[in-house]
Amino acid sequence: MKGVPYLVPAAILALAFTVASAYDPSPLHDFCVTINNTDSTVFVNGKFCKDLVTVTANDFFFPGLNIPGNTAASKLGSSVNLVNVDKLPGLNTLGISLARLDFAPYGLNPPHIHPRGTELLVVMEGTLLVGFVTSNPNKLFTKVLNKGDVFVFPIGLIHFQFNIGQTNAVAFAGLSSQNPGLITIANVVFGSNPPINPDVLAKAFQLDKNVVDYLQKQF
């Protein structure tokens with residue numbers, strides 16, 4: 001029962017996105033529950049649709065967002081449990097997804113981008129320093145959020161969340177896409193496969209090549 005209060009803002013976030021204009025294409029039918037069966041005759045948003053006769057309530061159900069994420073498993077002290085179309089088949093064509101974010105003290109969700117979705121974040125516990133950076137001229141918008149505060153991160157812009165408190169923090173985020181995507185800046189730049197030429201990164205970031213080599217080894 002301890003996690004039940006968290007489900008209320010999650011439901012509110014979901015409702016907010018259903019009445020807004022989502023980034024994904026608007027559906028021309030009630031729903032298209034995904035199925036991993038290429039024999040299906042209907043194909044929408046890159047997913048095959050389940051036969052309406054076989055659809056059940058479980059296709060629109062996902063349990064477990066009351067369970068804290070394992071922040072100890074991350075070097076950054078954060079955990080994100082994203083409920084997108086791959087975990088909840090009924091989300092297909094609905095233009096929405098949801099995530100639970102857990103932070104250990106001073107845990108960080110590092111600078112990243114959702115290329116296909118705007119993010120609406122609500123803090124449930126703790127204190128988070130959040131922000132996003134615009135395209136040129138790269139202006140930073142940042143704010144300290146406490147319990148009950150809400151902040152929006154526009155689609156495609158670099159943003160972050162950092163727990164500046166000495167206790168755990170919890171937040172929920174609604175995203176305006178069934179599959180918003182994730183590009184973590186440091187991972188992409190220094191951990192691509194194959195790696196970006198170190199000379200390119202050294203010049204772009206004005207770093208010594210040895211520093212670039214070190215950073216690439218970390219990822």
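The largest nonpolar core of this predicted model has 16 residues, and those with the most contacts inside it are Leu-101, Leu-121, Leu-128, Val-130, Leu-145, Phe-151 and Phe-153. Such a core is a set of buried Ala, Val, Leu, Ile, Met, Phe, Trp, Tyr and Cys residues joined through side-chain atoms within 4.5 Å, where buried means under 20% relative accessible area with a 1.4 Å probe, protein chains only. At least two residues of the core come from each of β4 (97-103), β6 (119-125), β7 (128-133), β9 (150-153) and β11 (169-175). The largest share, 4 residues, is that of β11. Strands here are DSSP runs (E, at least two residues), and helices likewise (H or I, at least four), numbered from the N terminus.

Leaving out residues up to four places away in sequence, Val-130 touches Leu-121, Phe-141, Thr-142, Lys-143, Leu-145, Phe-151, Phe-153, Phe-160 and Gln-161; contact means heavy atoms within 4.5 Å.

The lining of the largest pocket divides into 12 nonpolar, 8 polar and 2 charged residues. β3 (78-83), β4, β5 (108-113), β11 and α2 (185-191) each supply at least two residues of this lining, and the largest share, 3 residues, comes from β5.

Residues are numbered from 1 along each chain as its sequence is written. Local features need pLDDT of at least 70 and side-chain atom pairs 80 or more, while totals for chains, interfaces and linings use all residues, and side-chain values use heavy atoms, without hydrogens and water.

Definitions and conventions: Buried < 20%, exposed > 50% of the residue type's maximum accessible area, 1.4 Å probe, protein only. Nonpolar A, V, L, I, M, F, W, Y, C, P; charged D, E, K, R; others polar.
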